[in-house]
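Please work through the exercises below with the structure at hand.

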Amino acid sequence: MKKKIARIIICLILASSFCFGAAGCGDKSGFVVGTSEFVDSLNPFVAWSEVSLEVFNLIYDPLVRFDEEQKPTPALAKSWEVSDDGLSWTFDLAKANWHDGEKFTSEDVKFSYELFLTETGEGSYYGAYLSGIESIECPDESTVVIKTEKPKADMLYIPTPILPEHIWGEIGEKKLGDYKNKQPVGTGPYMFAEMQEGSLTLTINGDYFGDPGTVESYSFVEYKNSDSMAQALKAGEIDGTTSISAAQMGQLEEEEGIKVISGQIPGFTQLGFNLKEDGKGDPLLKDKEIRHAIECCIDKQKALEMAYSGQGEVGDTLLNSFSPYKWTPEGDTLRDYDIERAKEILDAAGYKDTDDNGIREDSSGNDLQFDLISIADNTEEVKMGQIIKAGCEEAGIGIKCVTMESGALSDKVYSFDYDMFIWGWGADVDPGSILNILTSNYDYAETGWINDEYDSLYKEQSTLIDFDERKAVVDKLQQIAYEEAPYVILVYDNYIQGVNSADWEGFVQIPENGCYFLNMTDFNYVNIKPAE
């Protein structure tokens, strides 16, 4: 999932000086993946980058994985059953060993889930998936019984990794967040080998209880920009890319032996507003009429074409169009690009340009003048900012575009020291994770928005097993978020990915029209093989 993850771009380096596993070095037993971001931590309690989560998905096993259709399939749990009342789940576990040779047991599952819940809380990334769990029992080494307060709709959609108790149990509560986990040990199909600056290598787990596939090693290598990554793919220095810009797509499509896709991903790029009661942002943005007017000033289709070369869809709500839970605003509810409507909204709310300087003011004479922050080296989002600025100024809203590196933006956002920002979130197969980012108890909430009805409905949807009943509540959540507009969803931008199809085969877009990598599965990693 962009994966319920803020995009974190850190410490970028050229990778052309490296020779990993083997790609470009004459040995095709290893596969090298070029990335535009890198592992921010090997500790699952603090990591957020998409590449970190991709690595965890190979090192660690969850109870249940996703298959090529993103449907639940056995992992550490080889089978399961649920009680008639939906409150008790029994998982029959596979016989597996940890990478260090220790035996995996049901106690590791109990320990891991309780640790993620107790030490990080339900508002954290992996802990959030465990909400509603009341107790975990281990009747024997190969059985886990999980009991819930109410039926848990996403029980089979939990990617939370199972960790070895014999390692993590020695760390201690106060040191958990500081633990570097320099040699991660899991049960997964690939084992940690080494990590250098800007590169990480995994090797195949020959003792894996399932099918580890045929690729001997995977290396993840970070690149300064998508152009250098595209050139590395053309030169055979890497075998695949997690995301390159649309500018390189046409060039790579013409290259023999390279397959390029524009894959849909659950997630979006958004404009966020500082609505924190005691935040340092401009208090005028707490008026949702201003936020509505700003959305009407944004030509999202133009932005999609200019900034993303049309690779994606215009955004509106928290869920993408390919989600079965998608609700779509229509008619007067939809805030489409319409400068005149933006002016009407502002006029009706009492914001006038009384001094004829082109900027409207409130009744106290305060200008509607806001800072908009984007990440300096993200050219798409910088272009998006300029388009937002131009549209808003037509309606009498002043925008100052500010760019900074991603770490500085993170500091600004999480200290609520900003007016507006452009960023992105990824999502999961189940709608619960992306809907959770707007709940008031979410640890990494960016806007400070609080809505009691939204919080209550979020809890309700998580207990509804019936699809139609759950969708009705999920629809309402999307409607509330759209009306209150703590975010303006700008685009559902695709990931453009390329692979060396001359040397490798077996890649599948997951789901249909989705991606090769960063799709919340390990399917391609364990199913690709050298081309015949």
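Predicted model: local features only at pLDDT ≥ 70, side-chain atom pairs only at ≥ 80, totals over all residues.

**Exercise 1. Cysteines**

Solution. 
- Step 1. A disulfide is a covalent bond between the sulfur atoms of two cysteines.

**Exercise 2. Burial**

State whether Cys-297, Cys-392 and Cys-296 are buried or exposed.

Solution. 
- Step 1. A residue counts as buried under 20% relative accessible area.
- Step 2. Cys-297 has a relative accessible area of 1%, so this residue is buried.
- Step 3. Cys-392, at 0%, is buried.
- Step 4. Cys-296 has 0% relative accessibility and therefore counts as buried. Cys-296 is located in helix α7, residues 288–296.
- Step 5. Cys-296 and Arg-335 are separated by 39 residues in sequence, yet their C-alpha atoms are 5.6 Å apart in space.

**Exercise 3. Aromatic rings**

Classify the ring pair formed by Phe-421 and Trp-423.

Solution. 
- Step 1. The ring centres of Phe-421 and Trp-423 are 5.9 Å apart, and a pair requires centres within 6.5 Å.
- Step 2. The ring planes of Phe-421 and Trp-423 stand at 85°, so the pair is edge-to-face.
- Step 3. Phe-421 is buried at 0% relative accessible area, and Trp-423 is buried at 1%.
- Step 4. The search of the whole structure finds 29 aromatic pairs. Ring pairs also join residues into a cluster that includes Phe-31, Tyr-190, Trp-504 and Tyr-525.

**Exercise 4. Charges over rings**

Identify the ring over which the charged end of Arg-335 sits, and do likewise for Arg-470.

Solution. 
- Step 1. Arg-335 places its charged end over the ring of Tyr-482, 4.1 Å from the ring centre.
- Step 2. The charged end of Arg-470 sits over the ring of Tyr-325, at 5.4 Å from the centre.

**Exercise 5. Two helices**

Describe how helix α13 and helix α14 pack.

Solution. 
- Step 1. Helix α13 covers residues 452–461 and helix α14 covers residues 467–484; their axes are 9 Å apart, at an angle of about 155°.
- Step 2. Angles over 145 degrees count as roughly antiparallel, so α13 is roughly antiparallel to α14.
- Step 3. The crossing of α13 past α14 is left-handed.

Key
Residues numbered from 1 in each chain as written. Heavy atoms only, no water. Buried < 20%, exposed > 50% of the residue type's maximum accessible area, 1.4 Å probe, protein only. Phe/Tyr/Trp six-rings, centres within 6.5 Å; stacked < 30°, edge-to-face > 60°. Lys NZ or Arg CZ within 6 Å of the ring centre and 35° of its normal. Axes fitted to C-alpha atoms, helices over the stretch in contact; angles between N-to-C directions. Helix = DSSP H or I, 4+ residues; strand = E, 2+ residues; numbered from the N terminus. Parallel < 35°, antiparallel > 145°, perpendicular 65-115°, else oblique. Left-handed = near helix turned anticlockwise from the far one by under 90°.
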